[in-house]
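Have a look at the model first, then read on.

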Amino acid sequence: MTGMGIPDGTQFDTLGPTLTVTTQPAEPAGGDTVTATAVLTNDCPFPLRNAVLHLIDPGATTAAKTIPLGDLRRGAKTTRRWETAMPADVAGNVSFTAHVVFDVDGHSSDCARSAKTFTVPYEPNEVRDPYRTFATTDDAEFGQYGSQLVIWAGGRDFSGGTDEKGGILLPASAAESSVVQVKTVSLTGSDNPTAKYGIAVANDLTAPEKGGYAVLTMSKSFGLEFMTDSDGDGRLDTWAGGGGSTHPAWLRLVRDGTSCTAYSSTNSGLSWTEVASVTVPSASGAMDAGVVASAVNLNYPGTTVQAVFDHFTVEEA
């Protein structure tokens with residue numbers, strides 16, 4: 001190649017500029033004003049052409065700033081700073097990200113990305129309308145952070161004669177034909193491999209004995225569990241599932257009258273695998289839908305879990 005100072009035989013997919021991001025304060029919390037600094041050094045053996053730097057705030061899907069840098073010679077170094085307020089309701093793993101795009105040979109583009117990632121602890125802060133909470137264990141607490149819902153709960157078990165859990169619901173949201181879906185992000189706080197979190201529907205989730213009860217959960221270590229109430233007495237007495245556990249994962253319940261079909265996905269919902277399809281004879285009318293969690297701590301007394309969900313939706317099919 002000629003005309004750009006690029007050595008013959010250069011492998012562009014194994015080379016790239018150095019890009020770093022730092023923040024001040026180093027470990028910001030929700031509501032803090034933060035100054036983030038991106039440093040780009042072209043330590044490639046060739047110049048970067050038409051470089052553009054994108055600076056992205058925590059939780060954002062588009063750049064807070066887009067800065068054209070033009071051409072950067074070999075060895076060039078440039079620094080850019082941006083200031084933003086951390087969202088008050090941010091928690092979990094959050095990042096300030098810098099992303100640079102540049103031409104490498106006059107015809108194609110390459111890029112480099114760097115992020116300063118840190119963890120903001122979740123704390124119970126209740127939930128906002130239209131969500132409601134319910135619990136069959138005394139130690140349940142709840143939180144809402146943007147599109148994320150969080151449940152802290154103990155509970156001895158989650159099927160058969162014992163149904164102890166915490167839950168967040170949307171009342172009467174699951175129509176005769178509907179799709180209930182959520183991303184199960186993380187389940188922490190207990191070493192119990194049978195602890196679980198997921199989605200649930202019922203005629204009344206606060207009183208499962210009113211019928212229509214079905215639950216799809218991901219356990220901490222033992223995979224999926226799709227449980228339903230076959231006779232309308234409020235007890236989960238059918239089971240399907242198994243396999244290994246994946247965190248995060250996507251869970252989906254599709255209701256069609258009294259039929260309930262469970263699906264899971266490990267690729268952000270690009271493809272779905274059916275777990276099972278079951279008839280729940282007592283399902284009727286517009287049903288409650290929600291997210292639920294239990295520590296299943298019968299053999300782990302006193303333990304609680306922190307269950308984090310994202311993008312909980314209920315839509316007509």
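This is a predicted model: local features need pLDDT of at least 70, side-chain atom pairs count only at pLDDT 80 or more; totals for chains, interfaces and linings use all residues.

Residues are numbered from 1 along each chain as its sequence is written, and side-chain values use heavy atoms, with hydrogens and water left out.

**Around T84**
- You'll find T84 in strand β5, residues 77-85 (strands are DSSP runs of E, at least two residues, numbered from the N terminus).
- T84 counts as buried because its relative accessibility is 15% (buried means under 20% relative accessible area with a 1.4 Å probe, protein chains only).
- Leaving out residues up to four places away in sequence, T84 touches D32, T33, V34, D57 and F96 (contact means heavy atoms within 4.5 Å).

**The open sheet**
- Seven strands line up as β8-β13-β22-β15-β16-β17-β18, with antiparallel pairing (two strands pair if DSSP finds at least two bridges between them).
- β8 (132-135) and β18 (238-242) are at the edges with a single partner strand each, so one side of each has no neighbour in the sheet.
- From one strand to the next, the twist averages 20 degrees (axes are lines fitted to C-alpha atoms, and angles run from 0 to 180 degrees between N-to-C directions).
- Antiparallel strands β16 (residues 214-219) and β17 (residues 224-228) are joined by five bridges.
- T217 has E225 in β17 as its bridge partner.

Notes
Helices (H or I, at least four residues) and strands (E, at least two) are DSSP runs, numbered from the N terminus. Buried means under 20% relative accessible area, exposed over 50%, partly exposed in between (1.4 Å probe, protein chains only).
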